[in-house]
Amino acid sequence: MSKRMLFVFLFLAAITELSAQTTVSGSFVHDSILRTYSFYVPASYIPGQPVPLILNLHGTGTDGAYQAQHRDFRPIADTANFIVVHPDGTIEPNLNQRFWNYGNVLSSTVDDVGFLEVLIDTISAHYSIDQSRVYSVGMSNGGFMTYYLACQTNRFAAIGSVTGSMSTGMYNTCNPARPTPSIHIHGTSDPINTYTGTSTSMGIEQVSLFWANENGCDTIPIIIPVADIDTTDNATAERYIYANGINGNTVEHFKVTGGGHTWPGQYVFTFLGNTCMDFSASIEIWRFFNRYRLTSVAEHEAVETGIGPNPVSGKLNIHAEGHTVTGIIILDMQGRVVEEQTNENITSIDLSHLKAGFYIVKISGEGFYATKKLVVSPQ
């Protein structure tokens, strides 16, 4: 059995055993780098019934497993019925620590945007994901990466950052394809990513105002005190709401006075400052995400797309009822692009050169996007 087919077999075996295991680990090669990840599927998930998906991105020096344990959405997923993904960044050579490349490391060529998009497509090929309800949130470096994703792609219905920010370069060049609601949680005593910013990163209220402007929100926020239910945590919080945006979008910011480089609501011993226990960052982020979906995707959920024959050994026909297909990307099960075509009207593509195996087909056109599973049979 080839390595590719073995990978597919193991991946599918993990799926068939979901009743006994809710955390699935996987890996694939993207841009010549082996990338790893895990994702949590709640017991309430039913195949064929689309559910939301959240990327939960770790900070520098940790990994997806640490993020899952200490910045945890899994108990919420159990009741709200969504899948949460914990990807691993790559090792930064100088620090020898995992990180996300949000365009700030000039010597790095790691394509984390591409990896995370392929990861969404890979999971979507095996699970029923509501493509209008894909979200990203991150801690610290993962928060920077989440903002970068929103600047570079149009896949996310809403985004969140805890203790992250935007680099000055990102802030000056970011031109989002669509208004993206955002929620940001940050301590005023954060010693790593300071609340007021540095020469290389923006102040947090500037970041919130940036996204308020992108969403057409009021630029003067409503400020609501968060009840100080834990008077021993040496931190208090206020909720800033930038309201009345496009399509009802809002931007929110939890200003944690006295808070450190920490995730509110989940205490982990650290020398990086106080953890505010007056609210749960995970609960508030899901509460915010749950309000939003991509309207452009939702409007075209009824678009009937199809490929055939499937399995295929030669020409693959593509159609999208009432719409024109302008882009086709085909990936193998290791996340590598093996065929890509753009044109004004794509109706078929010759795949006779592909090896037998399993593939993912990404179909796109004006206002719609679809992912299909494909089997290429031996010639």
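Which residues touch the most other members of the largest nonpolar core?

Analyst: Before the answer, a quick note on the ground rules. This is a predicted model, so local features need pLDDT of at least 70 and side-chain atom pairs count only at pLDDT 80 or more, while totals for chains, interfaces and linings use all residues. Numbering runs from 1 along each chain as its sequence is written, and side-chain values use heavy atoms, with hydrogens and water left out.

Now the core: Ile-83 and Trp-211 touch the most other members, out of 48 residues. A nonpolar core here is a set of buried Ala, Val, Leu, Ile, Met, Phe, Trp, Tyr and Cys residues joined through side-chain atoms within 4.5 Å. Buried means under 20% relative accessible area, exposed over 50%, and partly exposed in between (1.4 Å probe, protein chains only).

Take Ile-83. Skipping neighbours within four places in sequence, its contacts (heavy atoms within 4.5 Å) include Phe-39, Tyr-40, Val-51, Leu-53, Tyr-127 and Ile-129. Apart from that core sits another, of 30 residues, with Tyr-135, Ala-157, Ile-185 and Phe-254 among them.

On to the cysteines. There's 1 disulfide (a pair of cysteine sulfur atoms within 2.5 Å) in the structure, and it links Cys-151 with Cys-174, S to S 2.1 Å. The S-S torsion is about -105°, so this disulfide is left-handed. Both partners are tucked away: Cys-151 is buried at 10% relative accessible area, and Cys-174 is buried at 10% too. Elsewhere, Cys-217 is buried at 7% and Cys-276 at 1%.
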